[in-house]
Amino acid sequence: MTSMTVEPFQTRVEGLLLRGSHYLPAGDGPHPTAVLLHGFGGSRVETTGVFVALARALTDAGIGVVAYDRAGHGESDGDFFDTTATGDIRQAGIVLEAIAELDLVDAENVHLVGMSMGAVIASAVAARAGRRVRSLTMWSTAALFVDEIRSGFIQGRSLEALDTEGFFDFLGMRMGPAMRDDARTFDVYGSARGYGGPVLLLHGTDDFIPVSYAERYTAGDVFGDRAELVVVPGADHGWAQLPQRDTVIGRTRSFLVEHCGRGAA
């Protein structure tokens, strides 16, 4: 792989400083740029650094990458307790505008890549941004979350503690009732409807989220034939094994190179 430069990225959104990394390919900019959105409770490097591996693959193809920690995650300001899908979508739209204004970013050649809950957020941001987002890639989309939460569970665990303790222990972080309350009215597929660009969905057969939740995005009332779903045998939710990880990175790189046009090497 060719050399890659990593610079800090930060922007203030709704009084919070959100921090991230800007991965730059060799050569002069502005560059076509992918914006990476991590999963619920995760961070900008994602599971065992898969977003860093993706950034290396993309910069090697001449595509810049910005990955940032959403509010209440990683190194960004905010409290995980306050996290909601609606709030993350609103803030991600503001971050996208800030990224598009960076000197080394080609504002006409911006792409979104989301992982798990980040995929849900990316789809909604893309629908709102319209032509500003040239392509959308969704890994292990967490479209299941509203059905789970509405049934009183998350990843098979009861949410009763939200009422008895005031918070739910999600991987050692305190999730507040706001996430549950927001999910009760959140429309996963409706929030994505309206994005008119190309979409790539990648989902594993060993994901705890059934493939059917990804398939629903390919319906005519959501993305229709603008979306391609790739089902990867043996892949888990976090793409934490080989060769499945090579597959998700390779397919994502090829998809972005195709839709970046002349901007990618």
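Where is the place of Pro 243?

Author: Pro 243 is found in the loop between strand E12 (227–232) and helix H9. Helices (H or I, at least four residues) and strands (E, at least two) are DSSP runs numbered from the N terminus. The model is predicted, so local features need pLDDT of at least 70 and side-chain atom pairs pLDDT 80 or more, while totals for chains, interfaces and linings use all residues. Residues are numbered from 1 along each chain as its sequence is written, and side-chain values use heavy atoms, without hydrogens and water.

Let us begin with the bond at this proline. Leu 242 and Pro 243 are joined by a cis peptide bond, with omega at about 5°. A cis peptide bond also joins Gly 29 and Pro 30, again with omega of about 5°. Pro 30 belongs to the loop between strand E2 (16–24) and E3. A further backbone feature concerns Ser 140, which has a positive phi of about 45° although Ser 140 is not a glycine. Ser 140 is placed in the loop between strand E6 (133–139) and H4.

Helix H9 covers residues 244–260, and its axis comes within 10 Å of the axis of helix H1 (residues 50–60), the two crossing at roughly 40°. Axes here are lines fitted to C-alpha atoms over the stretch in contact, and angles run from 0 to 180 degrees between N-to-C directions.

From H1, the contact (heavy atoms within 4.5 Å) is made by Val 50, Ala 53, Leu 54, Ala 57, Leu 58 and Asp 60. From H9 come Arg 245, Ile 249, Thr 252, Arg 253 and Leu 256. By class, this contact of H1 with H9 has seven nonpolar, one polar and three charged residues. For these classes, Ala, Val, Leu, Ile, Met, Phe, Trp, Tyr, Cys and Pro count as nonpolar, Asp, Glu, Lys and Arg as charged, and the others, Gly among them, as polar.

H2 packs with helix H3 (residues 117–129) at an angle of about 60°, and their axes are 9 Å apart. That angle makes H2 oblique to H3. On the H2 side, Asp 88, Ile 89, Arg 90, Ala 92, Gly 93 and Leu 96 make the contact. On the H3 side, the contact is made by Ile 121, Ala 124, Val 125, Arg 128 and Ala 129. The residues of the contact of H2 with H3 divide into seven nonpolar, one polar and three charged.

Some of these residues also belong to a cavity. The structure holds one cavity of 30 Å³ or more. A cavity is a set of points on a 1 Å grid over the protein atoms alone where a 1.4 Å probe fits but cannot get out, and its lining residues have an atom within 4 Å of a point. The volume, the space filled by probe spheres set on the points, is about 40 Å³ for the largest cavity. Ala 92, Leu 96 and Val 125 are among the lining residues of the largest cavity, together with Val 35, Leu 37, Tyr 68, Val 95 and Leu 112. Strand E3 (31–37) and helix H2 (85–100) are the elements that give two or more residues to this lining. H2 gives the most, with three residues. By class, the lining of the largest cavity has eight nonpolar residues, no polar and no charged ones.

Key: On a 1 Å grid over the protein atoms alone, a cavity is a set of points where a 1.4 Å probe fits but cannot get out, and a pocket is an open set with protein on both sides within 12 Å along at least five of seven lines; lining residues have an atom within 4 Å of a point. Angles under 35 degrees count as roughly parallel, over 145 as roughly antiparallel, 65 to 115 as roughly perpendicular and the rest as oblique.
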